[in-house]
Amino acid sequence: MSRFRVIEFQLLQACNASCVYCAYDQNLPEFNKWLPLEIIEKTLAEEKPEWVWFEGGEVTMSEKSKEYLLEAMEIATRYGVRSRINTNCRNIDPEWSRRLADGGLKFACVSFDTLDPECLEFLRGFPAGSGAENLRRLQSNALSLADEGVTIDLEATVTRHNLHELEALYDYAESVATAGRDIIMGAQCLVATYEEVFGLYPDMYEMAQVFRRLVARARASRVPLRICCSPLVRCKYPELYDPHPNVIWVECTCGFDYVHIQATGEVLLCGFWDHAEAIGNLHEASLREIWEGSLLRRAALNETPEPCEGCRHWDGPGRCHNTCFSVAYRKTGTFSSFAYDITTGAIAEAVRGRRA
């Protein structure tokens, strides 16, 4: 039986922000589900993954949610599983940084899209405070976690609105990565959880130029760069992928050793998967039963396109999907098409729509 590397649990659906690229309408009254701790315990006891990722909504949006997170992390610790959170860090002050670190938190992926207060307000849409106040609060809270020994990924979700800032964001990460702080910079590329996301995408050529400079910066520095879900695939941008210990390309392992579980108990092949395409529900069956019995997962593993002639990037879980399973399936209804052309075509179509 293969072991999961990551099980990602959405602890709750509610959020304290309104991000422009979010797949959810957080204002809908039905987004009030909490994932039962009993399901987390049963799943971790059976599977014992290397990591468990807790997210929302926003896992730290209230005192209740933070206490709930501590309970969930205590379960993970009991089964020897390392805990990570995905957070906007708005409500993690020094006291809560200490409590989370004492509770077993090892890694925090902090939403850190911009150093521009107005851009922060546009991208994140916090309900209170000026852009400048919210930016200072974000910076202070993220560093308070780092000062408690938690590894911090200052992660920018890459859009056409902040692409030009990525190098400055890397410089910021480097400036605050002082002795005793374990800090990296992350770049999370957009995934087509909904059609409008393509309208937020940067121009692919411009994106490649920025990433070339960003990767060069990381190779010459001490702060790691972590890049997720990039559409800049190996075969078309090979120079970006020259191995270096400071440049971490997070390969897609959809269907292999990573799974996402919604607060409703629904199981998705990844966190960016079409929410209407769950492969099962933990209220009805165990994760292993769902995982091994899923026809959709089987199709994802078996219906991939034939490798291009002479391809050197087609091996194992990190094999080339030519961008993303989710994009290919959403656009074509199968996994037998490469997604790179689909993605670039959809971005170009969105650009034409903005100009019309």
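User: Where is the place of Cys89 in this fold?

Analyst: This is a predicted model, so keep that in mind throughout. Cys89 has a positive phi near 65 degrees, and it isn't a glycine. As for its place, Cys89 sits in the loop between E3 and H3.

User: Is Cys89 buried or exposed?

Analyst: Anything under 20% relative accessible area counts as buried. Cys89 comes in at 0%, so the call is buried.

User: Which residues of helix H3 are buried?

Analyst: H3 runs over residues 94-102. Helix H2 (63-78), strand E4 (105-111) and helix H5 (131-147) are among what covers its buried residues. Those buried residues are Trp96, Ser97, Leu100 and Ala101.

User: Why do the buried residues of H3 line one face of the helix?

Analyst: The buried set is Trp96, Ser97, Leu100 and Ala101. An α-helix has 3.6 residues a turn, so residues three or four places apart point the same way. Looking down the axis of H3, the buried residues line one face because they fall within an arc of 135 degrees.

User: What residue with a positive phi follows H3?

Analyst: Past the end of H3 there's a residue with phi near 110 degrees, a positive value. That residue is Gly104.

User: Asn134 is in contact with what, leaving out residues up to four places away in sequence?

Analyst: Asn134 belongs to helix H5, one of the elements that cover the buried residues of H3. With a relative accessibility of 3%, Asn134 counts as buried. Setting aside residues up to four places away in sequence, Asn134 touches Arg90, Leu120, Glu121, Phe126, Ala128 and Gly129.

User: What is the order of the strands in the open sheet?

Analyst: Strands of a sheet pair through backbone hydrogen bonds, either parallel or antiparallel. Here there are eleven strands, and the pairing is mixed. Going across the open sheet, the order is E8-E7-E6-E5-E4-E3-E2-E1-E9-E10-E11.

User: Which strands stand at the edges of the sheet?

Analyst: An edge strand here has a single partner strand, so one of its sides is left without a neighbour in the sheet.

User: In E9, what is the bridge partner of Ile7?

Analyst: Strand E1 (residues 6-10) pairs with E9 in the parallel sense, over four bridges. Both faces of E9 (residues 258-261) are covered, with Tyr258 and His260 buried on one side and Val259 and Ile261 on the other. Ile7 has as its partner in E9 Val259.

User: Which residue in E10 stands opposite His260?

Analyst: E9 also pairs with strand E10 (residues 266-268), in the antiparallel sense over two bridges. Four residues lie between the strands of that hairpin, and Gly265 takes a positive phi near 95 degrees. Opposite His260 you'll find Leu268.

User: Is His275 buried, partly exposed or exposed?

Analyst: His275 is in the loop between E10 and E11, and its C-alpha lies 9.0 Å from that of Gln262, 13 residues apart along the chain. The cut-offs are under 20% for buried and over 50% for exposed. At 24% relative accessibility, His275 is therefore partly exposed.

User: By class, how many residues of the largest pocket's lining are charged?

Analyst: The largest pocket holds about 190 Å³ of space, and strands E2 (51-55) and E3 (82-87) are the elements that give two or more residues to its lining. The lining consists of Arg5, Glu50, Trp51, Trp53, Arg82, Arg84, Phe107, Arg226 and Val250. By class, four are nonpolar, none is polar, and the charged ones number five.

User: What separates the C-alpha atoms of Thr343 and Tyr201?

Analyst: Thr343, in helix H11 (residues 340-355), counts as buried at 2% relative accessibility. Its contacts, setting aside neighbours within four places in sequence, are Phe198, Met204, Thr323 and Val327. Thr343 and Tyr201 are 142 residues apart along the chain, and their C-alpha separation is 9.7 Å.

Technical notes. Residues numbered from 1 in each chain as written. Predicted model: local features only at pLDDT ≥ 70, side-chain atom pairs only at ≥ 80, totals over all residues. Heavy atoms only, no water. Buried < 20%, exposed > 50% of the residue type's maximum accessible area, 1.4 Å probe, protein only. Arc of directions from axis to C-beta. Contact = heavy atoms within 4.5 Å. Pairing = 2+ DSSP bridges. 1 Å grid on protein atoms, 1.4 Å probe; cavity = no way out; pocket = protein on both sides within 12 Å on 5 of 7 lines; lining within 4 Å. Points joined across faces, edges and corners; volume = space filled by probe spheres on them. Nonpolar A, V, L, I, M, F, W, Y, C, P; charged D, E, K, R; others polar.
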